[in-house]
Structure formats: structure tokens, C-alpha cells
Amino acid sequence: MTPIGSLARAGLRHALDFALPPRCPGCGTIVPDLHRFCADCWLQIDWCGEGGCVTCGLPLEATDETSCGRCLAQPPLIARTRAAVAYGDIARTLVMKLKYGRKVGAAATMAQFLAPLADADDAPLLVPVPLHRWRLWTRGFNQSALVARELSRRLGVEHDVAALRRTRRTRPLKGMGASQRRREVARAFALGDRAAVKGRHVILVDDVLTSGSTSEACAKVLLKGGAARVDLLCFARVVRPALLAR
């Protein structure tokens, strides 16, 4: 871009910032920069980050252990799970804005906080958890695919929205127990392109992690299809099971 073009672009951005100032993704208060939470919302968020169990990322309180009992007793198919935040009021607001309010800019906000948590040293392939075609047609987009696209841009790695397909419609998992959820998503996914994932480090991308049944079902298909390793990145995770019913 020429110096004149750069100046024109900067001027346009300043004009837009004046007319449409950045707002907090949680409450809408004007903030200094895009994709930033205001101080009040920031303090209400439980940040997960790199803490917790080294495998599943579940917070570990009042212990020096690095792995949770569940992962020690039954190692999950997913090698590494990381979430930016615990599911709470602010996280729920942002997820709802993206999923049902069509505020697609929320995907960039999620990606900004997920990018530092990605293990991207070996050029992984980002694969969004897919929606069934009927859900996709109804909603018009896959929110996880939007987050994966933004992550791909930030990390400079590939993403493939067609690597994994949802082949069977499933009932909403909300309110189901863990065993019911596993049965519901069993055989609901299939590879879209085996060559795309064979031998690759795949990072599944989702907006919210609840029981983990869906992501485990996806990982099972990816590993069976030849993926060398499967990780999971999600913006929010349910830490308190009572929130599953909300």
C-alpha cells in the first residue's frame, strides 16, 4: 500500500471510530479498543487461561496436582483442552450475541482471547465443530466456523470447515445427563476429507464446552481417520454443572 493509501485508510478508521466507537462486548459501554471488555465486565469474568489440569484444563483448586482425577482414571481422546473463560453471565451474553443475535464481530473477540492458548508450533489444522445442514440453513452460519476463521487469521495457520461433517440431526443436549449426551451424539459425525486430516495435529474449535460429549465424538472420528493428535479450543466452558440447565 502506498503512503497516501495508508494515510487514507488511517483517516477512514479514525472517522469510523468517532462515528461508531468500540463498545464492550459484554455491556455495550464505549471502550478504547475493539474486542476489549470494560473494567466492570472484566472483573465479572472468570478467566481460565493455561491453569488447571494439563490435559482437560479443568480448574484445580487447593491442590498441587497437575492432572484431574478424571483424566488420570480415564484419559480423554482429546490431548489438550483449553478455554478462555468459565461460562458465566458475561460469557453467555457474548455467546448469545454471536449465535442468535447475529453479531458476527463477537467471533473476532473470542478469537482474540483464544489465540494465546493455541498450541500452534507445528502448524495445526483448525477444524470447527460442525452443524447439521438443517441447523446451518436455519441459522445461516456456523458460529464455531466463524471463530475458527478468525483464529486462522490471527495464528497464520490453516482452517478447514469441510474436514468434519455432522451427518445426523441430534436433539438439543441441554438438560441431558452425561450418558444421554454421549448416546445422542454417537455416530453423528463423519470425515469430510480424510486426506486433509491424516497425520495432522487437529485443533477443534467451538464456542462453548459443556459436558464434552460432542467434542469427544468429533475427536473419535478424526483420530480414526488418521489425525495424529486432536486438541480443543473453546471460548467458554461450563465449570459449574448447574449452569447446564440455564
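So, the sheet: it's open, it has 5 strands, and the order runs β1-β7-β6-β2-β3, with parallel pairing. At the edges sit β1, residues 80-86, and β3, residues 158-159, and each of those pairs on one side only. Keep in mind that this is a predicted model.

Let me zoom in on one pairing. Strand β2, at residues 125-128, runs parallel to β6, residues 201-209, and the two share 4 bridges.

Stepping back to the whole protein, we've got 10 helices and 7 strands. Of the 246 residues, 47% are buried. Among contacts with a separation of 6 or more, 73% link residues 24 or more positions apart. The exposed surface comes to about 13,500 Å², with 54% of that from carbon and sulfur atoms.

Okay, confidence. Mean pLDDT is 84, and 83% of the residues get to 70 or more. Where does pLDDT stay under 50? Residues 10-18 are one such stretch, with 2 contacts beyond four places in sequence. Residues 242-246 are also below 50, and that stretch has 10 contacts in the model beyond near neighbours in sequence.

Notes: Residues numbered from 1 in each chain as written. Predicted model: local features only at pLDDT ≥ 70, side-chain atom pairs only at ≥ 80, totals over all residues. Heavy atoms only, no water. Pairing = 2+ DSSP bridges. pLDDT = per-residue confidence, 0-100. Contact = heavy atoms within 4.5 Å. Buried < 20%, exposed > 50% of the residue type's maximum accessible area, 1.4 Å probe, protein only. Areas by Shrake-Rupley, 256 points an atom, 1.4 Å probe, with all protein chains shown as cover.
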